[in-house]
Amino acid sequence: FAEALALGDFVPSMVRFSLLIIVLTVAALVLWSDSVNGDHGHIQQLLGPVMNEKTIPLFALVNALFEEMEFRVVVMNALLPYHALDSISLPILLALVLVQAVLFAMQHVAGGFPCGRVGFALVLLWGFVLGLIRCWDRGVGLVYVIHVVADLTIGVLLFRQQRECGESKKD
């Protein structure tokens, strides 16, 4: 199980790919938030009131840690142990990565960010890409960094919406 906690190889091509995924992730989250006019669903009521300059980084670091431990460490290691990465066929690897991505998206669809059908599709694709990065880089370091940036973005969007709602109530 220790190999499942490896940070990864941080191969330069994977680092560049991860930077691209970070840019696309932030853009997708902002576009989704704007497309629903800030109606982020249940998570807005739950976390919006507590998001501020101090809590957003804490939220991002802790939430990303727990979700990566759950999905890219525990679930993926159960489906696809590290020792099997070199011997498994590509179609099987892709199917197993897809399984963890579906589980990850199902967790987010009802109360996560983004939520709803579009949110499910976005999280499914994102979870799939994170699973591939975990396999290709042989660790969770890059996926954790990507996830932290995503959660920082989510925290800022929740905070922004909360502040806008508060300002509109004052008017």
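A salt bridge here is a side-chain nitrogen of Lys or Arg within 4 Å of a carboxyl oxygen of Asp or Glu. Keep that in mind for the close-ups below, which all come from a predicted model.

**View 1. Arg 72 and Glu 68 pair up within helix 3.** The closest N and O atoms of Arg 72 and Glu 68 sit 2.8 Å apart, which makes the two a salt bridge under the 4 Å cut-off. Both residues belong to helix 3 (residues 55–79), and they are four residues apart, or about one turn of the helix. Look for this pair away from the surface: Arg 72 and Glu 68 are both buried. The structure holds three salt bridges, and the next two views show the others.

**View 2. Asp 34 in helix 1 meets Arg 160 in helix 6.** The closest N and O atoms in this salt bridge are 3.1 Å apart. Asp 34 comes from helix 1 (residues 12–35) and Arg 160 from helix 6 (residues 141–170), so the pair ties together parts that are 126 residues apart in sequence. Asp 34 is partly exposed, at 40% relative accessible area. Arg 160 is partly exposed too, with a value of 26%.

**View 3. Asp 86 and Arg 138 join two loops.** Here the closest N and O atoms of the salt bridge are 2.3 Å apart. Asp 86 is in the loop between helix 3 and helix 4 (90–111), while Arg 138 is in the loop between helix 5 (116–137) and helix 6; the pair links distant parts of the chain, 52 residues apart. Asp 86 is exposed, with a relative accessible area of 65%, whereas Arg 138 counts as partly exposed at 28%.

**View 4. Leu 58, Leu 61, Val 62 and Phe 66 make a nonpolar patch on the surface.** Pick out Leu 61, which is found in helix 3. Leu 61 is partly exposed, with a relative accessible area of 44%.

**View 5. Gln 44 reaches over to Leu 158.** Gln 44 lies in helix 2 (residues 42–47). Its relative accessibility is 7%, so Gln 44 counts as buried, the limit being under 20%. The side chain of Gln 44 reaches the backbone oxygen of Leu 158 at 3.0 Å. Leaving out residues up to four places away in sequence, Gln 44 touches Gly 38, Pro 49, Leu 158, Gln 161 and Gln 162.

Conventions: Residues are numbered from 1 along each chain as its sequence is written. This is a predicted model: local features need pLDDT of at least 70, side-chain atom pairs count only at pLDDT 80 or more; totals for chains, interfaces and linings use all residues. Side-chain values use heavy atoms; hydrogens and water are left out. Buried means under 20% relative accessible area, exposed over 50%, partly exposed in between (1.4 Å probe, protein chains only). Patches are made of residues with over 30% relative accessible area and no salt bridge: like charges are joined within 9 Å, nonpolar side chains (Val, Leu, Ile, Met, Phe, Trp, Tyr) within 5 Å. Accessible areas come from the Shrake-Rupley method with a 1.4 Å probe; for residues, only the protein chains shown count as cover. A polar contact is a pair of N or O atoms within 3.5 Å; within protein, one must be able to donate a hydrogen and the other to accept it, and residues adjacent in sequence count only if both atoms are side-chain atoms. Contact means heavy atoms within 4.5 Å.
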